[in-house]
Amino acid sequence: MPAVHAKRRAGPRTLRLAVRGFGHVGQALARILSDRGAGLEREFGLRLVVAAASDSTGAVWSQAGLDPADLLNVRTAGGLGRLAADRGSASASLPAAAEQAGCDVWVDLSPTDVRTGGSALEETRWALRHGLHLVTANKGPLVVAWGELHRLARGSGSHLKYGGATAAALPTASLAHYELAGSRVTRLEAVLNGTSNFILTAMSQGRDYATALAEAQTRGIAERDPSLDVEGVDTAVKLLLLCNSLFGTDFALQDIPRQGITDVDPAAARAARERGGGLKLVARAWREDAAGNAPAPVRCDVSVRELDSGHLLARVNGTEKGIVYETDLMGRLAVVGGGSGPMPAAASVLRDLINLGRELGLSD
Ligand SMILES: NC(=O)c1ccc[n+]([C@@H]2O[C@H](COP(=O)([O-])OP(=O)(O)OC[C@H]3O[C@@H](n4cnc5c(N)ncnc54)[C@H](OP(=O)(O)O)[C@@H]3O)[C@@H](O)[C@H]2O)c1
C-alpha cells in the first residue's frame, strides 16, 4: 500500500485527518474546527479536514470531509456508527476508512491504556507503517512502544507529535525541542498532574484528603476512579515520555520510581504553605553528569516534595501545572499554567496539527 503524504496530494495546504475517538477531547476539537476552521485557513493557510473518524460504535469516512456540525452531535445521536449514510460511508475499521479517504494524519483521541497500549497501539502501528503522521493525546501506545513507534515513523518519514499526551496546554517536550534547541537540558522539575495538584492545594487550605478528592470529583476535575492521578501513575507516564523525548532514554513505566499523594498528611500541606512554599507532586529528571553529557545515566522520580518559597513551582496551585528546565547554555527556564480539561487538550492537538503543517511546508 503506498504511503500517503500531504505534500504529494492535490490541494497541498490541506491536512486530511483520521480521528480515532470522539469523546470529550474529540468533541472539543470538532467545536474548534467548527468555530474557527475558516479563521485557521486565513491565518495559517491550512485546511484541517476530518475525512475519517471512529468511536466504539464504528468508523466512517467522507471524501469531502465529515461535517463538523455532525461530529458535534455525534454523541447524542448514538455514535459515529449511527451517522446517516448520506453523511459519510461506513467502514469496517478506521484504517480502512483512512485509506478510502486518503488521510495524511492519524489523530488519536481514544482512551489511554498505559499497561498494554490497548487496541490503539495496533492501529497506531498501522498508521505509521502506511506513512500517516501521528498527532496524539493518547499516552498508551507511546508508553508501551516508544522505540518501536519511532522506528516505524523514521522508516516511513512520518512525523510524531504528542503534546496532548505530555501535559497538553502546558508546552513541555515541544518547548525543549524548539526553544531550547542546541542547549542541553541537564535537569527538569515539573508539576504535571492537575488533579493531584488541586487536591494538595485544597489540603494546604485546610481540607483533609477525602474532602479534597470529593471536591475534585464534584467539579469534574477528578475521575470517579482517580487512582491513576493520585497514585502518581499519570505523572510518571508524562515524565517517562519527557525523558524518552528529551534525553533519548527508552524507559518503561517500571523504570520510574514513584509516589502518590494518598498518604499525605494535611498538616504537612498546611505547614508548607504557612512557611511560604507548598507541598507538590514533583516529577524530576536529571543527568548524573552535571554538564548534561549524553553518556551519563538519566535519573528520575515522582515524589511529594516541599518546595520552598523561592522555587519556581511553589505557587503552581489548583489545576495548574508547571515545568522548570535547567540547561547548560540558556540557564534556567520555567513555564507555568495552562488550562486543564478537554478544550485545552483539544487546543494542544490543534497546535500540534498547525506545527505539523509548518514542518511539512503547508502552513504559515
Ligand atoms: N479529557 C482530558 O482533559 C484529556 C487531557 C489530555 C489528554 N487526554 C487523553 O485524550 C484521550 C481522549 O480523552 P477523552 O477525555 O476525550 O476520553 P473519552 O471522553 O472517554 O472519549 C474516548 C473516545 O474514544 C472512543 N473509543 C473507545 N474505544 C474505541 C475504539 N476501539 N476505537 C475508536 N474509538 C474508541 C470512545 O467511543 P464511545 O464514546 O463510543 O465510547 C470515545 O469517543 C485519552 O487518551 C486521554 O487520556 C484527555
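User: What makes the 7 strands a sheet, and in what order do they run?

Analyst: The 7 strands form an open sheet in the order 4-3-2-1-5-6-7, with mixed pairing. Two strands pair if DSSP finds at least two bridges between them. Strands here are DSSP runs of E, at least two residues long, and helices are runs of H or I, at least four long, both numbered from the N terminus. By the way, this is a predicted model, so local features need pLDDT of at least 70 and side-chain atom pairs count only at pLDDT 80 or more, while totals for chains, interfaces and linings use all residues. Residue numbers start from 1 along each chain as its sequence is written.

User: What makes a strand an edge strand, and which ones are they?

Analyst: Pairing on one side only, which is how strand 4 (89-91) and strand 7 (160-161) sit.

User: How do you know that strand 1 and strand 5 pair, and in which sense?

Analyst: DSSP needs at least two bridges, and strand 1 (residues 14-20) and strand 5 (residues 105-108) share 4 bridges in the parallel sense. So they count as paired. Ala 18 stands opposite Trp 106 in strand 5.

User: Why is Leu 83 called buried?

Analyst: Leu 83 has 24 C-beta neighbours inside 10 Å, so it counts as buried. Leu 83 sits in the loop between helix 2 (68-72) and strand 4. Contact means C-beta atoms, placed from the backbone, within 7 Å; leaving out residues up to four places away in sequence, Leu 83 touches Val 60, Asp 70, Val 74 and Gly 88.

User: What makes a set of residues a nonpolar core, and how many are in the largest one?

Analyst: The members must be buried Ala, Val, Leu, Ile, Met, Phe, Trp, Tyr or Cys, joined through C-beta atoms within 7 Å. The largest such core has 114 residues, and Leu 17, Ala 18, Ala 52, Val 105, Ile 199 and Leu 239 have the most contacts inside it. At least three of its residues come from each of domain 1 (6-168 + 343-359) and domain 2 (173-339); those bounds come from an automatic or database domain assignment. Not counting residues up to four places away, Ile 199 touches Tyr 209, Ala 212, Leu 213, Ala 216, Val 230 and Ile 261.

User: How far apart are domain 1 and domain 2?

Analyst: Their C-alpha centres lie 29 Å apart. The contact takes 13 residues from domain 1 and 15 residues from domain 2.

User: What makes a residue part of the shell around the ligand, and which come nearest?

Analyst: Its C-beta atom, placed from the backbone, has to lie within 6 Å. Of the 24 residues there, Gly 21, Gly 23, Asp 55, Ser 56 and Ala 345 come nearest. Helix 1 has the largest share, 3 residues.

Terms used
A residue is buried if 20 or more other C-beta atoms lie within 10 Å of its own, exposed if 12 or fewer, and partly exposed in between; C-beta atoms are placed from the backbone. Two residues are in contact if their C-beta atoms, placed from the backbone, lie within 7 Å.
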